[in-house]
Amino acid sequence: MGLPSTLYRQLMRFARGPIVVQVPFTLPPYTLSVPHQLNPSYFPADATIPKTHTVPKLNAKTLPHVIRAIFVANKNTQSPLEITAQTGQAFEAIKELSAFKLRVIDVSYAKHREALESKTVPAFFVGQVARHKTLGWRGVIVGWEELDDCSIQYRLLPDLSDSLHLPLQNRSTQLNALEASYPTIECSEDDLTSSPPLPPNLRRLSPDNMGFFFENFDPISGTYFPNPELRYLFPKDNNWDHYQEDILKSDPPRDRAAERVSLGAQGVARKILAQIGVSVASSDNKNDVLLNLEHKLSEIVAHEHTRRGSDFQNGNEIERLNVLDSSLSQTDFRIHDCCKILSKLCDVYRELNTMVNVRDRCIRGSNDLKFSVGDVVHHKLFNFRGVITSIDPVPRFDVTNWDGVQHIEDVMSKPFYTIIPDENDAELVFQGIRHPRYVCEENLDAYNKSEHAAKSRFAPMKELVASGGVTYDWREDCYIPSTAVKFQHDMLGEEMVKEITDVHDCFQGCLVNINSNSSKNCNNGDASMINVDNLLELLVSANSKSESSTIEEILRAVWLVHEDVAINKLMEESVLHLNRRKFPDAKQILEKVVEQTDGQYSEGLYKLATCQHLMGEVDTAFDTMGKVMQIEDRHIFALLGASLAKMKLEKFTEARDILVKLLALHPWCSASTHLMICEERLEMEAEQQSIDDAFFEEEIGSENDNTK
């Protein structure tokens with residue numbers, strides 16, 4: 001092992017070099033052949049470090065540990081082939097690290113020294129939110145550069161919502177942030193303005209890659225805290241050390257809300273696990289669906305809550321380094337931790353609820369189907385083969401404008417199939433591998449090997465087939481649906497169906513309890529600790545758009561689920577009609593829901609108002625939204641709907657007031673763009689009114705002069 005040991009020392013020498021240690025950096029994923037997990041070839045079966053050991057972002061402090069972990073895990077390797085492979089990987093790592101040092105670390109070091117010596121004072125600093133003077137969109141400064149003519153050019157990350165409503169550049173073909181390969185915009189100092197200062201509720205932006213540049217948002221100053229790389233490149237933009245001390249202070253009320261929601265979510269997971277335990281104990285069959293849910297819920301229950309410092313003294317070294325280097329306060333850690341638990345809980349409910357809804361949809365369908373899940377079929381129009389992974393008796397959404405169905409009469413009443421295409425056929429037909437296709441039954445016929453003998457062996461992409469819940473049985477030469485897919489398509493025994501539906505009913509019961517829980521009736525560690533009050537308090541405290549989206553999802557589920565299972569079935573049917581743009585049918589069902597719940601079911605009213613809005617009944621929709629807010633005045637989705645209705649009626653003052661209330665409840669809501677539009681329209685109206693008043697006074701003055 002002389003040569004590998006020499007290479008190991010060379011890698012460690014690089015990782016501990018004076019400039020490497022000084023310059024903040026995050027290594028790209030390919031370095032050391034470790035994307036997000038260590039390459040399995042580094043870990044023999046008897047290694048003490050597991051193959052699933054997750055590597056955090058690699059930086060100056062974590063890199064030596066990762067190199068050491070890889071070496072220790074492989075130091076007893078005896079196989080010449082493995083030693084050769086590891087030696088080759090080490091040479092590649094050294095080459096890549098050297099190139100990375102020349103390209104990033106040395107350049108960053110030079111820029112840092114240059115920035116310290118520079119006397120330039122920019123008008124805007126990194127992390128500040130500015131606005132384009134003429135085009136109106138908002139963006140956060142991610143860098144600046146002094147040009148040869150002594151002017152300063154800024155690089156901004158535009159708000160994602162603004163980019164959908166406002167042009168980002170003065171061009172005939174406007175750049176859209178969703179379409180740009182790297183959505184940052186270069187602007188001169190004259191293009192930007194921060195006067196008057198944007199109000200706090202307009203400073204939270206939601207671009208896709210905010211986390212690439214910034215660690216968190218400071219609600220007090222209304223600015224973003226840059227990552228170590230940006231702080232190093234722009235050391236004089238702000239007093240970063242003092243700034244970090246301010247944002248690391250904990251906040252006890254937010255602490256308590258996050259802790260209660262976390263413990264309550266774990267209590268919910270325990271309840272559902274207990275129901276799964278009852279189902280598994282009373283059954284002789286192996287239910288893969290329940291075992292999968294049990295594994296995910298057990299992770300939630302076993303989750304250890306993150307605190308700064310002391311809780312990591314005995315933990316994993318890499319994880320501890322990441323935690324201690326972060327700019328998050330203890331409160332923000334609690335919130336981040338809480339959102340991780342909620343996200344896992346949402347994933348479980350989404351998976352379970354989707355299965356039940358698909359099953360209900362399939363059972364309601366009365367069409368005689370030509371094909372089943374797992375069948376291999378042939379597309380008559382586009383001449384490709386595929387395997388069926390799911391079936392809809394009628395399409396889930398409006399397909400009437402699709403090119404491939406224009407020859408089919410009444411296509412919205414025909415069965416549709418999700419199909420994974422054959423890789424070779426996809427290359428010929430689509431010039432590349434394609435995602436699952438959604439195909440009408442009229443366009444399919446059964447695949448006959450003898451008729452397609454000239455074609456290559458049928459081979460759909462394995463990853464897509466597996467994600468569709470179907471596996472290939474080479475002994476029988478056929479595709480077998482998983483337990484989940486069998487459940488969805490009514491191919492499972494009654495006993496196993498009942499086990500899954502009982503767990504689903506238990507989960508929905510927990511969601512109903514969350515809606516009815518009161519902050520006054522909380523038992524420590526129990527599911528009663530999570531309620532709408534705590535969730536809304538957590539929503540205000542969320543550190544990022546992604547965290548707020550998780551809380552949004554759980555709130556939507558809590559408000560949607562009704563204690564009456566029949567009402568839930570009607571709501572799901574109405575949503576299907578809305579997706580299919582069958583608005584009159586959806587409206588009829590939703591009116592029935594409102595009647596059966598005596599107008600006290602907020603989500604039924606909200607969906608009815610949405611349907612009315614889509615049908616053009618804007619005034620009626622606003623009135624219905626008002627009824628929602630009489631039941632739950634903090635219903636963030638109803639507030640957004642009401643504001644859009646007022647904007648459509650051009651009642652911008654009322655829309656603005658609703659949006660201000662909404663953003664106070666949900667600061668990360670994308671409605672800030674709508675508020676900005678309302679403010680602009682009101683300014684334009686005020687200017688026009690001022691012009692009209694001046695003209696009117698001039699006319700009156702002229703008449704008086706003529707009278708004299």
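Predicted model: local features only at pLDDT ≥ 70, side-chain atom pairs only at ≥ 80, totals over all residues.

The entries below follow the order in which I looked things up.

I began with the open sheet of five strands whose order is E4-E3-E2-E1-E5 and whose pairing is antiparallel. The edges are held by strand E4 (185-188) and strand E5 (192-193), each of which has a single partner strand, so one side of each is left without a neighbour in the sheet. Within this sheet I looked up the pair E2 and E3, which run antiparallel and are joined by seven bridges, and I noted that Trp 144 has Tyr 154 in E3 as its bridge partner.

I found 20 salt bridges in the structure, and the one I followed up joins the side chains of Asp 159 and Arg 138, at 3.4 Å from N to O. Asp 159 lies in the loop between strand E3 (152-158) and helix H5 (160-165), while Arg 138 belongs to strand E2, so the pair ties together parts that are 21 residues apart in sequence.

Which residues gather in a patch of negative charge on the surface? I listed Glu 114, Glu 117, Glu 145, Glu 146, Asp 148, Asp 149 and Glu 186. Helix H4 (80-117) and strand E2 (138-146) are the elements that give two or more residues to this patch, and Glu 117 is a residue that lies in helix H4.

I then turned to the open sheet with the strand order E11-E10-E9-E8-E12, where five strands pair in the antiparallel sense. Here strand E11 (437-440) and strand E12 (444-446) stand at the edges with a single partner strand each, so one side of each is left without a neighbour in the sheet. From one strand to the next, the twist averages 50°.

Strand E10 (residues 416-421) pairs with E11 in the antiparallel sense over four bridges, and the bridge partner of Ile 419 in E11 is Arg 437. Strand E8 (residues 376-379) pairs with strand E9 (residues 385-392) over three bridges, again antiparallel, and these two strands form a hairpin with five residues between them, where Asn 383 in the turn has a positive phi of about 60°. I also checked Val 377, whose bridge partner in E9 is Gly 386 and which stands opposite Ala 446 in E12. E8 and E12 run antiparallel and are joined by three bridges.

Key. Residues numbered from 1 in each chain as written. Heavy atoms only, no water. Pairing = 2+ DSSP bridges. Axes fitted to C-alpha atoms, helices over the stretch in contact; angles between N-to-C directions. Patch = residues over 30% accessible without salt bridge, like charges linked within 9 Å, V, L, I, M, F, W, Y side chains within 5 Å. Areas by Shrake-Rupley, 256 points an atom, 1.4 Å probe, with all protein chains shown as cover. Salt bridge = Lys/Arg side-chain N within 4 Å of Asp/Glu carboxyl O. Lys, Arg positive; Asp, Glu negative; His and termini not counted. Charge placed at Lys NZ, Arg CZ, Asp CG, Glu CD.
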